[in-house]
Amino acid sequence: RQMLPRVFLSQPLQNGVSRYTCQLKRITLKFCKFRPNSLGAREFIENGDFLEFARANPQVACYLKPRRNRPPVLQAEFANGSVQLARIDSFPAEFVRRWFWLMRGRSGDDLLPLHENLRSFHPSVQGVWTPFTFGRSVGLGDLSDSRHRPMSPSATELIQQLHRLQSARMS
Amino acid sequence: MHLTCPLWVRRIPKIYRNNDPFYLRNLYLQFSFLFRGRSSRCFRLAEQRVIKAFQHMNAMRAVRKDRFKQLCDERIDAACAQHGIPGKMLVDGLGRMNIQLNRKMLQQLAIYEPYSFKSLTDLVKQYHSELGIVPPNAEPPAPVVTRGLLQSPIVPGNRKYYE
């Protein structure tokens, strides 16, 4: 709890409830034209997968940045302003493709541990259980067994005391 | 180029970064930002607390699973007790009837879908009463029409008896 707080599953502005907008705005593929660890990235571009992604997602601005002597990196920028980096060092082209499509589905929120993998604002159709759902069969014991006693006697108890005193006096 | 503020201020080449004390201390302070007091700000206090917190995290993983299982069992037990059967009887009975609901789902039903849960307990009571086992403290269940299917359910193995 102290190290990494857990969060509940959520989308920015309830994205997807009625309308869905792709949260990914810009994706940049930085790679080297020569070094072997960028081979997967180069193949991804040459096979036409990059163009396929760009055409299938007109809402995303796709950039290529060839950078000499640097390891390949995928940089995704989202609608909430966050930037996520994926190192694709020595990845095969298929893995690079999968990372692209993964970023397309993300909301840009930080990746934090979840309380639960599901979330619903209306989890119950029949009504959440209460002690009174099936009649008053739960949680109602005889209060005279209780260890919690009030300081002063109640009106009923006062009248009962008076009755006892009176009947003692009478008999 | 995306550099954080400290990196802009201190343009230290990467080969020296591992030896620079700022980076060594930042490794721990990154994890201590939610701690109380100076342990969240001062490295010499944070280092000890962070190491201990990592140990706790590791140790708690198995314990957390056990505790949630226990909680789950308690909830099923309590919900069944309201209907007069023990929790184990419910889980066992449903298994025998080939109703594949695990404890997690039974717990969710008990909390959010109490009437469905009641109908499951009725089913289990019916199954047991057909076998002649009467759970103690149980009210007689709502009449469940079974046509013998609880004892010999239609599963792929005995489909030929029903065709």
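In this predicted model, chain A contains an open sheet built from four strands, arranged in the order β2-β1-β3-β4 with mixed pairing. The edges of the sheet are taken by β2 (61-66) and β4 (83-87) of chain A; each has a single partner strand, so one side of each is left without a neighbour in the sheet. From one strand to the next, the twist averages 15°.

Strand β1 (residues 24-31) of chain A runs parallel to β2(A), and six bridges join the two. Within this pairing, Phe31(A) has Pro66(A) of β2(A) as its bridge partner. Helix α1 (residues 39-46) of chain A packs on the sheet, where it touches β1 and β2 of chain A. The direction of α1(A) makes about 120° with that of β1(A).

Turning to the helix pair, helix α2 (residues 49-56) and helix α3 (residues 93-105) of chain A have axes that come within 10 Å and cross at roughly 15°. Because angles under 35 degrees count as roughly parallel, this crossing makes α2(A) roughly parallel to α3(A). The crossing of the two helices is right-handed. On the α2(A) side, the contact is made by Asp49(A), Phe50(A), Phe53(A) and Ala56(A), while α3(A) contributes Arg97(A), Phe100(A), Trp101(A) and Arg104(A).

How values were computed:
Residues numbered from 1 in each chain as written. Chains lettered and ligands numbered in written order. Predicted model: local features only at pLDDT ≥ 70, side-chain atom pairs only at ≥ 80, totals over all residues. Heavy atoms only, no water. Axes fitted to C-alpha atoms, helices over the stretch in contact; angles between N-to-C directions. Parallel < 35°, antiparallel > 145°, perpendicular 65-115°, else oblique. Left-handed = near helix turned anticlockwise from the far one by under 90°. Contact = heavy atoms within 4.5 Å. Pairing = 2+ DSSP bridges.
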